[in-house]
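Please look over the model shown here before reading on. The points that follow are meant for a colleague who has not seen it before.

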Amino acid sequence: MPDTVDTIYALSSGAGKAGIAVVRVSGPLAGVAVQVSCGRLPGARRAERLSVKISQGTVKLDEAIVLWFPGPNSFTGEDVVELHVHGSVAVIEKLTTALYGFGLRQAEAGEFTRRAFENGKIDLTEAEGLADLIDAETESQHKQAVRQMDGGLRVIYEGWKQHLLNALAQIEGEIDFPDEEDVPDNLSNKALPYLNLVLEGTEQILKTAEAGEAIRHGLDIVIIGRPNSGKSTILNAILKRDAAIVSSIAGTTRDIISVNIVLSGIPVRLSDTAGIRNTSNEIEVEGIDRALKLSKEADIVIHVIDITDNKTIENIDKRISKDDIIVYNKNDTSKSMDIPKRNEHSNEIRISALKDHDIDRLKEMLEKIISHKYNIGNEPTLTRVRHKNCVSDVFLSTTRAINCLNKSPELAGDDIRSALYALEELAGASDIESVFDLIFSRFCIGK
Ligand code: GDP
């Protein structure tokens, strides 16, 4: 933190006309600015109705509810004031101009949260949770973000930190006061249980990383199959509206059409792709390449097979992974091919997209797969690659420490210190400006 801290202000509620607007001020001049414009400060952490005046108290601007949070017991840890004025563009404009006139400056995006972090009010994982909460659009995103914002991850890694420190104390005790006879035994007896707890904890939570990130970013579900198998009709039937062009002319969908939906509380990007077939048409070839690439990267692939088309009796098994779905479409027709028996894990369903038969069952099947694969339960999850990398480092360093505990206590001590360093990085204690900039700049102004 710089020695002299600026006092910052920003409109913390949404821009534009509204019933109420909240202007937040944080920094050493916050109290003075409000005393001058409102005549006095309200009681600490109490809401009071005050008249706001500008132009040296000569012009009444508005009636406001004012809240005064003297530091360090505030969101940022500094003196903070919230002015709840009427959400008028003119009021906000005049109020912020007056604050600027007091020598305050407009906050940058995420600057309030950054100050909270820099003043030790929250750690980096909690700041990230707060960012996720603001961005949350679905139930599972909301649940995950609140848990992280409330310090769910912090509580866990602070537990690991304590275990690592306990293990280190045992090792250092043995190094400083070696008793030649029983050093190895003592170390494994005393330090190992702590290290094992860290190992178990990190291993457990690393399993949540895929689900945690999927919930934050959303899932990719791709519909793939031969031309005319009914992919676009299926997409439209799932959406109950026409998003993709349905045509009996093969090769109509040449680019990817993606729509956003929510399944099992998780945001999903559902994509219709170009039909896969041998063709010399350049544009269609490009579409097919894109379709295949997208399906490789997808979380779940819906393979569509037209049961009236004998050419689809091809071996697609090798492309199907556990959570994919095989959809046998056009079940309303009498022409029907023999459906090969597949392994018991595959999810298969017969539908008629055209007649809207069993589309709901297809959706239920998708929801079941999603909630099973991305079931986050009530435990905290790792939601970012950054978390995963730090926790993996803790896991690996702890494993190394266990492996050399008896052979070389000094090296085990070094490994434990590496694990502690990785934990500090997770909390944001190490000064990595670029990481901070990336995280805080994604907040809106006023947060
Ligand atoms: P895509 O090329 O795989 O996207 O296939 P489309 O969705 O464009 O459908 C190709 C043709 O098959 C269109 O004429 C659709 O009306 C028809 N079709 C799609 N689904 C069904 C179905 O369930 N039953 C029948 N009988 N025809 C269908």
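**Notes on the model**

1. Strand S7 (residues 219-225) and strand S9 (residues 266-272) run parallel and are joined by five bridges; helices (H or I, at least four residues) and strands (E, at least two) are DSSP runs numbered from the N terminus, and two strands pair if DSSP finds at least two bridges between them. Within this pairing, Ile221 stands opposite Leu270 of S9. The model is a predicted one, in which local features need pLDDT of at least 70 and side-chain atom pairs count only at pLDDT 80 or more, while totals for chains, interfaces and linings use all residues. Residues are numbered from 1 along each chain as its sequence is written, and side-chain values use heavy atoms, with hydrogens and water left out.

2. S7 and S9 belong to an open sheet of six strands, ordered S8-S9-S7-S10-S11-S12, whose pairing is mixed. Strand S8 (257-263) and strand S12 (347-350) are at the edges with a single partner strand each, so one side of each has no neighbour in the sheet. From one strand to the next, the twist averages 20°, where axes are lines fitted to C-alpha atoms, for helices over the stretch in contact, and angles run from 0 to 180 degrees between N-to-C directions.

3. Helix H12 (residues 359-373) lies across S7, S8, S9, strand S10 (300-306), strand S11 (325-329) and S12, and runs at about 170° to S12; contact here means heavy atoms within 4.5 Å.

4. Which residues come nearest to the ligand? Of the 18 residues around the ligand, these are Asn228, Lys231, Ser232, Thr233 and Asp332, a residue being near if one of its heavy atoms lies within 4 Å. Helix H10 (residues 231-239) gives the largest share of this shell, three residues. By class, the shell divides into four nonpolar, 10 polar and four charged residues, where Ala, Val, Leu, Ile, Met, Phe, Trp, Tyr, Cys and Pro count as nonpolar, Asp, Glu, Lys and Arg as charged, and the others, Gly among them, as polar.

5. A polar side-chain atom of Ser232 lies 2.8 Å from an oxygen atom of the ligand, and a polar backbone atom of Asn228 is 2.9 Å from a ligand oxygen atom; a polar contact is a pair of N or O atoms within 3.5 Å. For Ser352, an N or O atom in the side chain is 3.2 Å from an oxygen atom of the ligand. The protein covers 87% of the 580 Å² of accessible area that the ligand has on its own, by the Shrake-Rupley method with a 1.4 Å probe.

6. Another open sheet has six strands in the order S3-S4-S5-S2-S1-S6, again with mixed pairing. Strand S3 (48-54) and strand S6 (105-106) stand at its edges, each with a single partner strand, so one side of each is left without a neighbour in the sheet. Seven bridges pair S3 with strand S4 (residues 59-69) in the antiparallel sense, and Glu48 has Val66 in S4 as its bridge partner.

7. Two backbone details deserve a check. A cis peptide bond, with omega about 0°, joins Gly71 and Pro72, and Pro72 is placed in the loop between S4 and S5. Arg45, which is not a glycine, has a positive phi of about 55° and lies in the loop between helix H1 (30-38) and S3.

Definitions and conventions:
Polar contact = N/O pair within 3.5 Å; in protein donor to acceptor, adjacent residues only side chain to side chain.
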